[in-house]
Amino acid sequence: MATSKQTRAAKTNVRNAQKAAGAKKTISALPPKTRSALGKQGAAVAQRKRTGGSSPKTKAELYEMAKKRDIPGRSTMGRAELARRLGER
């Protein structure tokens, strides 16, 4: 589970990427720190998808499963908690 510092950093990186996209800048024009952080986040998602086989690993996939099972409080849960409630981990 991500720490609050990691969550803040991820939100900042996403905001910076959105600003750059809005200004029609390419990712190569972003600051190195932002590019690196975006790359690490993308690599982490790809790794979870690769190692998980056919089971859903992204928060969006877990949320859809929770929605089908009508699990209360799902909108405020993180990926790890959704996985625990669904019995994925």
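Analyst: Asp 70 lies in the loop between H3 and H4; helices here are DSSP runs of H or I with at least four residues, strands are E runs of at least two, and both are numbered from the N terminus. This is a predicted model, in which local features need pLDDT of at least 70 and side-chain atom pairs count only at pLDDT 80 or more, while totals for chains, interfaces and linings use all residues. Residues are numbered from 1 along each chain as its sequence is written, and side-chain values use heavy atoms, with hydrogens and water left out.

Asp 70 is not a glycine, although its phi is positive, at about 55 degrees. Its relative accessible area is 57%, so Asp 70 is exposed; exposed means over 50% relative accessible area, buried means under 20%, and partly exposed is in between, with a 1.4 Å probe and protein chains only.

Ile 71 also belongs to the loop between H3 and H4. Ile 71 counts as buried because its relative accessible area is 12%. Beyond its neighbours within four places in sequence, Ile 71 is in contact with Ala 66, Met 77, Arg 85 and Leu 86, where contact means heavy atoms within 4.5 Å. Ile 71 and Leu 86 are 15 residues apart along the chain, and their C-alpha atoms are separated by 8.8 Å.

Arg 74 is likewise placed in the loop between H3 and H4. The side chain of Arg 74 reaches back to the backbone oxygen of Ile 71 at 3.0 Å. Such a polar contact is a pair of N or O atoms within 3.5 Å; within protein, one must be able to donate a hydrogen and the other to accept it, and residues adjacent in sequence count only if both atoms are side-chain atoms. With neighbours within four places in sequence set aside, Arg 74 is in contact with Tyr 63, Ala 66, Lys 67 and Leu 82.

Leu 82 in turn touches Lys 59, Leu 62, Tyr 63, Ala 66, Arg 74 and Met 77, not counting residues up to four places away in sequence.

Several of these residues come together in the largest nonpolar core, whose seven residues are Leu 62, Ala 66, Ile 71, Met 77, Leu 82, Ala 83 and Leu 86. A nonpolar core is a set of buried Ala, Val, Leu, Ile, Met, Phe, Trp, Tyr and Cys residues joined through side-chain atoms within 4.5 Å. Helix H3 (59-69) and helix H4 (79-86) are the elements that give two or more residues to this core, and H4 gives the most, with three residues. In soluble globular proteins, nonpolar side chains tend to be buried together.

Of its 89 residues, 19% count as buried. Among contacts in the chain with a separation of 6 or more, 22% come from residues 24 or more positions apart.

Asn 13 counts as buried because its relative accessibility is 10%. Leaving aside neighbours within four places in sequence, Asn 13 is in contact with Thr 34, Ala 37, Leu 38 and Gln 41.
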